[in-house]
Amino acid sequence: RAQEGLVPGLERVMTATPTPVGKAATVAELIARSRYEVIPLAGAEEQVLEHVPRDVTLTVAVSPVKGLEHTFELAGALAAHGYPIVPHLSARLVVDRAHLAELIARLTEMGVQDVFVVAGDADQPAGAFEGAAALLEAMQEIGHPFEQIGITGYPESHPLIDDETTIAAILMAYREVGLI
C-alpha cells in the first residue's frame, strides 16, 4: 500500500510502494524504476540523447555556480525530446515569491509534473529563501501543479550542514505536519 501526503496541501510529497513480503525486487525491476541525474554541463544533452532511453526519468541538478537557468534550459531541452524530467529547485537561488511564481509557470509550460526541492549549496541566499522548508511553504501558498515534490535527506551527513542542524530541521518539519 502506498503512503502518501506527508505534507498536507503539497500534493503527493512522497510515495513509497514497498515490495510485498516474501518478494525480492529483481535488479531489472530496480533499474526500471531508477532515475538518472544529469548535471547541466556542456554536451550533457547530446550525451543523454546518445545513451539514455526516452522512458528513463531524468533529474536535472542545479549548480550554485551556473544557477537555475542552466538547469531549466537543459530540463526544457530534454523534455522536448520526450524525457520525463524532474528539475531540482534550489531554494537559495530563488530571489523572491515573484521569481518562484515565474519558475513554477516555466516548469508548468514544460509539462513538468515532479520537482526536487533542495536548499542548495550557494554560500549566501540570492533572496528570501534560506532553505527548502521556506520554499515549500511559499509553493503551497502560491499554488503549483506538481504531482510529486521530492525533498532531500542526509543519512550520512552533509558536507556543509552539521548534523545537529539537520536533525533540528527534520524534527521541526515533523512537528509542523503533526507527525510528532
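Start with Arg 35. Its relative accessibility is 42%, so Arg 35 counts as partly exposed. This is a predicted model, by the way. Arg 35 forms a salt bridge with Asp 114, and the closest N and O atoms are 3.6 Å apart. Arg 35 is in strand β1 and Asp 114 in strand β4, so this pair ties together parts that are 79 residues apart in sequence. Is Asp 114 buried or exposed? Asp 114 counts as buried, because its relative accessibility is 14%, and the cut-off for buried is under 20%.

Arg 35 has another neighbour to look at. Arg 35 stands opposite Thr 57 in β2. Strand β1, residues 35-38, pairs with β2 in the parallel sense, over four bridges.

Stay on β2. In a regular strand, side chains alternate between the two faces of the sheet. Here both faces of β2 are covered. Thr 57 and Thr 59 are buried on one side, Leu 58 and Val 60 on the other.

Back to salt bridges. How many are there by this rule? The count comes to four. Here is another: Glu 69 with Arg 106, closest N and O atoms 3.0 Å apart. Glu 69 sits in helix α3 and Arg 106 in helix α4, so the pair ties together parts 37 residues apart in sequence. Glu 69 counts as partly exposed, at 39% relative accessibility. Arg 106 also counts as partly exposed, at 23%.

Next, Glu 130 and Arg 92. They form a salt bridge too, with the closest N and O atoms 2.9 Å apart. This pair links distant parts of the chain. Glu 130 is in the loop between β4 and α5, Arg 92 is in the loop between β3 and α4, and they are 38 residues apart. Glu 130 is exposed, with a relative accessible area of 53%. Arg 92 is buried, at 10%.

Now look at Leu 93. It lies in the loop between β3 and α4. Leu 93 counts as buried, at 16% relative accessibility. What does Leu 93 contact, leaving aside neighbours within four places in sequence? The list is Val 62, Ser 63, Pro 64, Gly 67, Leu 68, His 99, Ala 122 and Ala 126. Leu 93 and Glu 130 are 37 residues apart in sequence, but 9.2 Å apart in space, C-alpha to C-alpha.

On to the core. The largest nonpolar core has 36 residues. Leu 89, Val 115, Val 117, Leu 135 and Met 139 have the most contacts inside it. Elements giving two or more residues to this core include β3 (85-90), β4 (114-118) and α5 (132-142). Which element gives the most? That is α3, with six residues. Take Val 117 as an example. Beyond its neighbours within four places, its contacts include Leu 89, Leu 135, Met 139 and Ile 149.

Then the surface. Ile 167, Leu 171 and Ile 180 form a nonpolar patch there, with about 270 Å² of accessible area together. Ile 180 lies in the segment after α6 (163-176), and at 54% relative accessibility Ile 180 counts as exposed.

Last, the whole chain. It has six helices and five strands, in the pattern α-β-α-β-α-β-α-β-α-β-α. Of its 180 residues, 32% count as buried. The accessible surface is about 10600 Å², and 56% of that belongs to carbon and sulfur atoms. That's my tour.

Definitions and conventions
Residues numbered from 1 in each chain as written. Predicted model: local features only at pLDDT ≥ 70, side-chain atom pairs only at ≥ 80, totals over all residues. Heavy atoms only, no water. Core = buried A, V, L, I, M, F, W, Y, C linked by side-chain atoms within 4.5 Å. Buried < 20%, exposed > 50% of the residue type's maximum accessible area, 1.4 Å probe, protein only. Contact = heavy atoms within 4.5 Å. Patch = residues over 30% accessible without salt bridge, like charges linked within 9 Å, V, L, I, M, F, W, Y side chains within 5 Å. Areas by Shrake-Rupley, 256 points an atom, 1.4 Å probe, with all protein chains shown as cover. Salt bridge = Lys/Arg side-chain N within 4 Å of Asp/Glu carboxyl O. Pairing = 2+ DSSP bridges.
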